[in-house]
Amino acid sequence: MEKLIDLHTHSSCSDGSMTPSELITHAKNEGLSAVALTDHDCTTGLKEAAAKALSLGIEFVPGVEFSVNSDAESHIVGLFIDPDCLDIASALEKAREERLEKNFEVSQNLKKAGMDVSLDEARKFAGGALLCRAHFAKAMVEKGYAASVKEAFDLYLAPGKCGYSPTVAMSAQKAISVIKKSGGAAFLAHVHHTKKEGAELEAYLKELKSYGLDGIEGYYSEYTPSQGESYRTLAKKLGLELSGGSDFHGRMKPHIKIGRGFGEMRIPYFLLEKIKILTNR
């Protein structure tokens, strides 16, 4: 039986619904051989997840996901990072400070659009964890502004929509640098979110590669089969490695299943083997 993995997931330490231990147990129960925890701007769940993975006999990859400055939406995922690295800790602290401003702007933008969702109402769904857009989405559902979290994102919280805040000061170069300094490998997540195609996307990837980018997510839950094939072909052309993940959030985004994707997408284990070589694991 083919060994399958998921290298992009979120726990309740950021905007997922499962604790790190629950996430690892779920991955094991779903038949995955390896899983990465890549919470937004947060590494607090990594030790718990690693301990649970060890007890269950599933491979664990410590990770993080950084939002970076772009004309659309770009995220850099770091895999096999060292959460105790001072560069990572400093970058995370700055990212959390930026997130405070970003969340205030989201609340204000929604209010201007006639949807009164306060920071406190969104925090109720964060449970003391990092406040993210998914928590605003849950509050919007509770107040009747959207029928589901997915609808809240699609109509109001996605880039270009009325509730979205583009406030991100961290550059892609900085994110890639701190990931590499921590011993990790850096990958551009969900390539289609960049809204770049053809020559523009190729130029962007070349720029990121010049900063040290190791690869892209060539497998992702929401790629169509043709998108995935196109991105993997482009990565090969540019000499970039591949990663893959579902972007699993549990109940926060119930349409996304761990280790699964559009068109029965699955993520093969050999990708992880290549990343291990990159990071000397």
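Author: Leaving aside residues up to four places away in sequence, Ile-216 touches Phe-187, Leu-188, Val-191, Leu-205, Tyr-231, Ala-235, Leu-240, Glu-241, Leu-242 and Ser-243, where touching, or contact, means heavy atoms within 4.5 Å. The model is predicted, so local features need pLDDT of at least 70 and side-chain atom pairs count only at pLDDT 80 or more, while totals for chains, interfaces and linings use all residues. Residues are numbered from 1 along each chain as its sequence is written, and side-chain values use heavy atoms, with hydrogens and water left out.

Ile-216 is also one of the residues with the most contacts inside the largest nonpolar core, together with Phe-66, Ile-76 and Leu-188; this core has 65 residues. A nonpolar core is a set of buried Ala, Val, Leu, Ile, Met, Phe, Trp, Tyr and Cys residues joined through side-chain atoms within 4.5 Å; buried means under 20% relative accessible area, exposed over 50%, and partly exposed in between (1.4 Å probe, protein chains only). A second, separate core comprises 20 residues, among them Val-106, Leu-110, Val-117 and Phe-136.

The sheet may be considered next. Seven strands form an open sheet with mixed pairing, in the order S1-S2-S3-S4-S5-S6-S7. At its edges lie strand S1 (5-6) and strand S7 (241-245), each pairing on one side only. Strands (E, at least two residues) and helices (H or I, at least four) are DSSP runs numbered from the N terminus, and two strands pair if DSSP finds at least two bridges between them. S1 and strand S2 (residues 34-37) are joined by two bridges in the parallel sense, and Ile-5 stands opposite Ala-34 in S2. Helix H10 (residues 270-278) packs on the sheet, touching S1, S2, strand S3 (59-68), strand S4 (74-79), strand S5 (185-188), strand S6 (215-220) and S7. The direction of H10 makes about 125° with that of S7; axes are lines fitted to C-alpha atoms, for helices over the stretch in contact, and angles run from 0 to 180 degrees between N-to-C directions.

Burial can also be followed in helix H4 (residues 119-126), where Leu-119, Ala-122 and Ala-126 are buried. Seen down the axis of H4, these residues line one face, because they fall within an arc of 70°, taken from the directions from the helix axis to the C-beta atoms. The buried residues of H4 pack against helix H3 (86-112) and helix H5 (133-142), whereas Asp-120 and Lys-124, on the face turned away from the buried side, are exposed.
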